[in-house]
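This report concerns a single protein model. Please consult the sequence and structure shown here alongside the text.

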Amino acid sequence: MAPTFFLEVIGTIAFAFSGAFVAIECKLDIFGILCAAVVTATGGGMTRDIILGNTPPLMFRDPTYVIIAIFFAFATVLIYVPLVKSRFKKNILGIINVLDAIGLAVFTIVGMNNAVQFGYGDNCFLVCFVGVLSAVGGGLIRDIFVDRKPVILQKEIYATASLVGSVFYYYGSRVLPGYLSPTISMVLIFLIRVWSLHRDINLPLAEKPPAGK
């Protein structure tokens, strides 16, 4: 449990930074920044709990992750201006992307495990859907919150990495022993996400029809 909690905290911190950065760039006030950070960090888990009937959602029964998100939202506000003016900006943003990839991997597996614990282990579609939603739902809600096209619906390989890992975990857990399947799945999600960022590889965009048609 402790290693999982540690990884969840890392993911929460990364998602909180992401939400706060987007909110600052969209010129939200301090309350809006806090809301965006909390929604990004906990929105996926909240939606997952609602779908599974785990109500009230865990974030309201145990506000640990909400508190972490609020703390790092304030930290983001304090470092934002020095960061964007710093020559280390790309390095720091790269670190955040790595942490975000860890969060993507961890929350995918955590979401799937929640679905299994609630008795849906034989429903591949639900288990994988809940896993992906846990990982990307917060970012989706954040983008709607700040009135921009959701990132996961554009060209970046993000939700796709989560989906590939979730499918591998679901079927791999039936033939692989113990923690081997979730571990490989998390590593797979992480590597796909980081590889796509490093190589600047994206999903193809739909071609626009010729003018007048």
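This is a predicted model: local features need pLDDT of at least 70, side-chain atom pairs count only at pLDDT 80 or more; totals for chains, interfaces and linings use all residues.

**Salt bridges**

| Partners | N to O distance |
|---|---|
| R48 and D49 | 3.1 Å |
| R142 and D143 | 3.0 Å |
| D143 and R148 | 2.8 Å |

Through shared partners, R142, D143 and R148 are joined into one network. Within it, D143 has a relative accessible area of 1% and is therefore buried, and R142 is buried as well. R148, by contrast, counts as partly exposed because its relative accessibility is 31%, which lies between the 20% and 50% limits. R48 and D49 are both buried.

**The second largest pocket**

R142 is also among the residues that lie nearest the centre of the second largest pocket, together with S18, V22, N97 and R193. This pocket holds about 670 Å³ of space, and its lining comprises 30 residues. Of these, 16 are nonpolar, 6 polar and 8 charged. Helices α1, α4, α5, α6 and α8 each supply at least two lining residues, and the largest share, 7 residues, comes from α5.

**T40**

T40 is located in helix α2, which spans residues 30-52. A polar atom of the T40 side chain lies 2.6 Å from the backbone oxygen of A36. Beyond its neighbours within four places in sequence, T40 is in contact with F15, G19, G138, G139 and R142.

Terms used:
Residues are numbered from 1 along each chain as its sequence is written. Side-chain values use heavy atoms; hydrogens and water are left out. Helices (H or I, at least four residues) and strands (E, at least two) are DSSP runs, numbered from the N terminus. A polar contact is a pair of N or O atoms within 3.5 Å; within protein, one must be able to donate a hydrogen and the other to accept it, and residues adjacent in sequence count only if both atoms are side-chain atoms. Contact means heavy atoms within 4.5 Å. On a 1 Å grid over the protein atoms alone, a cavity is a set of points where a 1.4 Å probe fits but cannot get out, and a pocket is an open set with protein on both sides within 12 Å along at least five of seven lines; lining residues have an atom within 4 Å of a point. Grid points are joined across faces, edges and corners, and a volume is the space filled by probe spheres set on the points. Ala, Val, Leu, Ile, Met, Phe, Trp, Tyr, Cys and Pro count as nonpolar, Asp, Glu, Lys and Arg as charged, and the others, Gly among them, as polar. A salt bridge is a side-chain nitrogen of Lys or Arg within 4 Å of a carboxyl oxygen of Asp or Glu. Buried means under 20% relative accessible area, exposed over 50%, partly exposed in between (1.4 Å probe, protein chains only).
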